[in-house]
Amino acid sequence: MASAAELYDGSIIQNGVRNVLTKVKAAGVLRLVFHDAGTFDVGDKSGGMNGSIIYEVDRPENTGLSKPLKILRKAKEGIDQVQQVSWADLIAVAGAEAVALCGGPEIPVRLGRLDSSTADPAGKLPEETLDIVALKTSFGKKGFSVQEMVVLSGAHTIGGKGFGNPNAFDNTYFKILLEKPQPTSSGMPIGLPTDWALTKDDECLRWINIYAEDQDKFFADFRDAYTKLVNSGASWRTA
């Protein structure tokens, strides 16, 4: 008997995303992944990669996500005419496509996620002002190790955070975190407080150094952590 994932043609979803995605739009689409999956709580198994972000865009922590959601809605309309795709699958694939488009690793995405019909609990995403202790605790509650927390933070290498070329997925993020004194752009701090909180912790700093020196290692570990992220809390179709 075929698995649920084998009932879907992933290339149809990929092509639908590629028709609407550009490098400039990539960071917003990748952020959608983190904000949909990032509600997962390993303790009570609530939240996760379930498409509920479509009900949560008005929350303060999701400011700015209506634009990438609009982009993917356009893709979904086209894909659904060929084969039905869940929001959860679409967002997971779109994030992987965003990474690859900007020069990052190719990330295979398992298909067959079911969508939630309601919003996830509020207040589950890590706040941008958390110190390193609280940040570790937050990621730990989602089932992520310190190493996975650091490598996933590397997603900030694209977009408007100030870590090098906003359209290039590379290890510049980690190189800039190692700069002393803390760099600024036009007098404004680069990145978020949580980015720099990583540099205040010896364990995090060890991984920052590793990824700053070895982009291939960053890509390989990001691929694994991304896969774990988009599978977090997912409910799967059965054949």
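How many cavities of 30 Å³ or more does the count come to? The count comes to 1. This is a predicted model: local features need pLDDT of at least 70, side-chain atom pairs count only at pLDDT 80 or more, and totals for chains, interfaces and linings use all residues. Residues are numbered from 1 along each chain as its sequence is written, and side-chain values use heavy atoms, without hydrogens or water.

**View 1. The largest cavity and its lining.** Its volume is about 30 Å³. A cavity is a set of points on a 1 Å grid over the protein atoms alone where a 1.4 Å probe fits but cannot get out; lining residues have an atom within 4 Å of a point. Volume is the space filled by probe spheres set on the points, which are joined across faces, edges and corners. Lining residues include His35, Glu56, Arg59 and Lys124. By class, the lining has 2 nonpolar, 4 polar and 4 charged residues (Asp, Glu, Lys and Arg count as charged; Ala, Val, Leu, Ile, Met, Phe, Trp, Tyr, Cys and Pro as nonpolar; the others, Gly among them, as polar).

**View 2. The Phe169 and Phe219 pair.** The whole structure holds 14 aromatic pairs (ring centres of Phe, Tyr and Trp, its six-membered ring, within 6.5 Å). In this pair the centres are 5.9 Å apart and the planes at 50 degrees, so the pair is tilted (stacked is under 30 degrees, edge-to-face over 60, tilted the rest).

**View 3. Arg110 over Trp236.** Arg110 lies over the ring face, at 3.7 Å from the ring centre (cut-offs: CZ of Arg within 6 Å of the centre and within 35 degrees of the ring normal).

Conventions: On a 1 Å grid over the protein atoms alone, a cavity is a set of points where a 1.4 Å probe fits but cannot get out, and a pocket is an open set with protein on both sides within 12 Å along at least five of seven lines; lining residues have an atom within 4 Å of a point.
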